[in-house]
Amino acid sequence: MLLRVSLLALALTGVAGAVPAQTMAFGCPDPGTTFTFDSGTNVVARGRDGMDCTMEIVGGKPFKVRALLFDNPAPDGSDTSAFIAALRPERLWPLEVGKKIEASYSVAGRSWSYILTVARFEKRMGPGDALFDAFVVEMNEQGDKGQRSISRWWVSPVEKYVLRFDWSDSVGGANRAVVTSVKH
């Protein structure tokens, strides 16, 4: 009987060990990794500086991505330092389903409230039509004049990068960025 109990305990330990961990420590893509987006833009990983991943657009300028979520400078070239400092997205790390942070940001007499949540862990179709594991980070934004938007990032623990981003707002605006290939 003791042998059966020991074998059962060993079998259960093996099954529990096979379940993928649903946490992710912060990390940046390996230097030299190139991500091609559906827009045709190529981005190359250059390294890490604290909670920033240093990146470079091929044929363009370098930029940093704070906590794998926010570019500085932003894609339009604007300095997002104050916004990033107000949100402090690095507080989401390590990523774990259910983790949530709240923040607010004000500028030029307007203010917004933010809730960022690690909403779920899922498999998603990605580069090369292959499935990839991803943490889905959602950001709900509400402005003081009733504006609303939602952003979603699919963060790959393997690539240590966002392989899909979607954004939409309450007045019909929308945007997305999808990685179509990764070269190491």
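**Close-up views of aromatic contacts**

**View 1. Arginine side chains over the ring of Trp154 in the predicted model.** Arg164 places its charged end over the Trp154 ring, at 5.7 Å from the ring centre. Arg124 also lies over the face of Trp154, and here the distance to the ring centre is 4.7 Å.

**View 2. The edge-to-face pair of Phe83 and Tyr114.** The whole structure contains 9 aromatic pairs. In the pair formed by Phe83 and Tyr114, the ring centres are 5.5 Å apart and the planes meet at 75°; because this angle is over 60 degrees, the arrangement counts as edge-to-face. Phe83 belongs to helix α2 (residues 81–87), whereas Tyr114 belongs to strand β9 (residues 110–125), so the contact ties together parts that are 31 residues apart in sequence. Phe83 and Tyr114 are both buried.

**View 3. The tilted pair of Trp153 and Phe165.** The rings of Trp153 and Phe165 are separated by 5.3 Å centre to centre, with 50° between their planes. Trp153 is part of strand β11 (residues 148–156) and Phe165 is part of strand β12 (residues 161–169); the pair therefore ties together parts that are 12 residues apart in sequence. Trp153 has a relative accessible area of 4% and is buried.

Technical notes:
Residues numbered from 1 in each chain as written. Predicted model: local features only at pLDDT ≥ 70, side-chain atom pairs only at ≥ 80, totals over all residues. Heavy atoms only, no water. Phe/Tyr/Trp six-rings, centres within 6.5 Å; stacked < 30°, edge-to-face > 60°. Helix = DSSP H or I, 4+ residues; strand = E, 2+ residues; numbered from the N terminus. Buried < 20%, exposed > 50% of the residue type's maximum accessible area, 1.4 Å probe, protein only. Lys NZ or Arg CZ within 6 Å of the ring centre and 35° of its normal.
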